[in-house]
Every structure is written in C-alpha cells, then in structure tokens.
Amino acid sequence: MTGPQLHSALSVESMDAISVDTEDTHMSYLDLRVNDTNSLRSSILSYKWQHGRRYHAYHDGAYWGPNDEKQQDAEDLMHELFRIVLDGKLHDLPVNNFGIVLDVGCGTGIWAMEFADEYPSSDVVGIDLSPIQPNLVPPNCHFEVDDVNTHWTFPEDHFDFVHVRGMSGSVPDWVEFHKKAFRHLKPGGWVEHVEISCITKSDDGTIKQGSALVTWVELFTKIGAALGKTFFACEEASAAIQHAGFVNIHERRVKLPIGTWPKDQHLKHWGAWNRQFLVQGLEGFSIRGMTDLLEWSYEEAQVFLAQMRKELVDPKVHAYVEMCIVRGQRPN
C-alpha cells in the first residue's frame, strides 16, 4: 500500500456551531429499523443473561455491553449513521487499495462484510468477543472470536489496514493498543479509529446542570474507573495514535446532533439516526455498569434511563455529541 509523503504533524478539522430549526416538530424521522443477525458458530454460545439482557460468555466481563438482538440493532444503526456521516464511505483514508484488513471489535460484522464486498481484492478478518456474525459472508471475509486486549495471534508486519470503531470502555490503555496495531501493520499501513463521545454538549445552554445528560457523563466516568477502561476514547484517540508512533495523522471531528432540531438538512438527517441509535442502545450501554459496578438497583437504573430518554427526544434540548475519525500511517 502506498500513501502520501510522511508528515508527523497532526491536522485537525474544525467544527462550526449548529443552527437550530425553529419549525422542527421532531416527528418526521422516527422508527428507523435494521435487521438483526444470526450466530457465527454454536461452540461458544453459552451466553450469560442478566436483567433480561444477553451478554457474551467468552472472557465474561471484558466488555460491558449485551450482544442480544436489541443491541445488535443499535450497532447496525450506528454503522448506518457512520456511513451517512462519511458520505456513504466505509473509511476516511486517502487510499483505496487494500490487501489484508483487520476489523477490531467487529460486532455484528456489518462493516467487515460490506468492506469485503466493496473491495473484493482485500482479505478481511473481524474479531470480537461475541460470535454473533452471520454464517453467510463474502468469500474474502471471515470472523474470529478473540479478545483484543490479549496477545494478538496475527503475525507482525501483517495488515494493510486496521479498523477500530465503537470501542469506548473496552481498552485499558489506548496508547498500548495502538502500539500493538502499529507492530501488526505493514510499513505504510494505516489505522483508523472512529468513536462517538459520551459527553453531550449544547451551543445554546439548553442542557441544564443536573440533567440526566450531564449525570450520564459522571456515571460513565465512574464506570470506566471501576472497569479500568476509559469511556473517553473519542477524546484520547488522536493523542494515542500520535504517541504510538504513527505519522500522517489526521483528525476529523464532527458534531452529531441528537434529534432533528438542526436547521441544516444534513445535520437534521444525522440527528434522526443518532437519536434512534441512542434510544435503541441506551439500556444496553449502561444497565450492567449501573447495577453491577455502581450498585444501583434495577428499578433506580430504569427511572434514570426513562429520564434520559425523555431528554433525548425533547426538541427543546439542542444536544449533540462529537464524533472523531482519526487516521495514522505506519512509516515506511
């Protein structure tokens, strides 16, 4: 794989304030749905159930989220949201010729499968703790059950592209993770890290102190400390990639509205998808951490989540989260 001339300096794209659509009723972009997937293989399907949600059994506790159909729907909504933000693309790299590709924390496998279809000369492997990927996949795509925080079984200098997405709260040290990715990439290979921040913001002060949206950040600060894995991967990705030794680093940060309150039609569309993703995945994001780690009762957690949903769909709350797309290249 070839790339542009090497530069160690970091380039960052800036963000503008979002204009509010004062005529929006927030009712025209609801009820988006994505189909769930089937299991990859039956040999490790001894799942754990808690509060009516299903969790992976392999390295139980290594990942905080459920892997049931409801959460798979949320993951696939997130995938479609990312594709919309990236203008239909599966990556934001300055190259389009790929050999061996690793999709870290592949989830339902939707990104890996679509990438394999779009780049038929590539060889794509997706790894995840949960065997929830379908059996019918492109011939140049396969999946493995593995924990990315343990020793990677792949050779060093092996991959042309390492894709990392939606891994907040899953990795104890992002610098060490990206150093590992660096070693397993070929010289000239690329890493891309995509995350959505858990910090909700507003440009006009419509998120009030003491609101559930503010408490949400405080909760995940505590849950991350208890797990030893930060939920602020969006805030750390760029620096981690830089400290790992990559060059040609570029960070793109965009504001993802929550809801259809923006005046701009593209942002309104993004906001509809983002709100549906957050509402769909809300309980799965938090219920285990709140009850097991923070020792909330199930009933207390559900009351808080009901308030969160109320604020997420309130058109008077002009909330957004930031999304980062960070790429870096291993020097030749």
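**Burial, cores and helix packing in a predicted model**

The protein has 7 helices and 10 strands, where helices (H or I, at least four residues) and strands (E, at least two) are DSSP runs numbered from the N terminus. This is a predicted model, in which local features need pLDDT of at least 70 and side-chain atom pairs count only at pLDDT 80 or more, while totals for chains, interfaces and linings use all residues. Residues are numbered from 1 along each chain as its sequence is written, and side-chain values use heavy atoms, with hydrogens and water left out.

Me: Why is Met78 called buried?

Reply: Buried means under 20% relative accessible area, exposed means over 50%, and partly exposed lies in between, with a 1.4 Å probe and protein chains only. Met78, which lies in helix H1, has a relative accessible area of 14%, and therefore counts as buried. Leaving aside neighbours within four places in sequence, Met78 is in contact with Arg165 and Phe277, contact being heavy atoms within 4.5 Å.

Me: What makes Leu90 a buried residue, and which residues does Leu90 touch?

Reply: Leu90 is found in the loop between H1 and strand E4 (100–104), and its relative accessibility is 3%, so Leu90 counts as buried. Not counting residues up to four places away in sequence, Leu90 touches His79, Arg83, Trp111, Glu114, Phe115, Glu118, His163 and Glu192. With Glu118, Leu90 forms a pair 28 residues apart in sequence and 9.0 Å apart in space, C-alpha to C-alpha.

Me: Why is H1 called oblique to helix H2 (residues 110–118)?

Reply: The two helices pack at an angle of about 45°, and their axes are 10 Å apart; axes are lines fitted to C-alpha atoms, for helices over the stretch in contact, and angles run from 0 to 180 degrees between N-to-C directions. Angles under 35 degrees count as roughly parallel, over 145 as roughly antiparallel, 65 to 115 as roughly perpendicular and the rest as oblique, so H1 is oblique to H2. At this contact, Asp76, His79, Glu80 and Arg83 in H1 meet Ile110, Trp111, Glu114 and Glu118 in H2.

Me: How do you know that the length of helix H4 (residues 212–227) agrees with what a helix should span?

Reply: The expected span is 1.5 Å times one less than the number of residues. For the 16 residues of H4 this gives 22 Å, and the end C-alpha atoms are 22 Å apart, so the two values agree. Just after H4, Gly228 takes a positive phi of about 75°.

Me: Which residues of H4 are buried, and what covers them?

Reply: Ala212, Leu213, Val214, Trp216, Val217, Leu219, Phe220, Ile223 and Gly224 are buried in H4, and their cover includes helix H6 (265–293) and helix H7 (298–312).

Me: What makes a set of residues a nonpolar core, and how many residues has the largest one?

Reply: A nonpolar core is a set of buried Ala, Val, Leu, Ile, Met, Phe, Trp, Tyr and Cys residues joined through side-chain atoms within 4.5 Å. The largest has 46 residues, and those with the most contacts inside it are Ile196, Trp216, Leu256, Phe277, Phe304 and Met323. The largest share of this core, 9 residues, comes from H6. Leaving aside neighbours within four places in sequence, Leu256 is in contact with residues including Leu81, Val85, Ile196, Trp270 and Met323.
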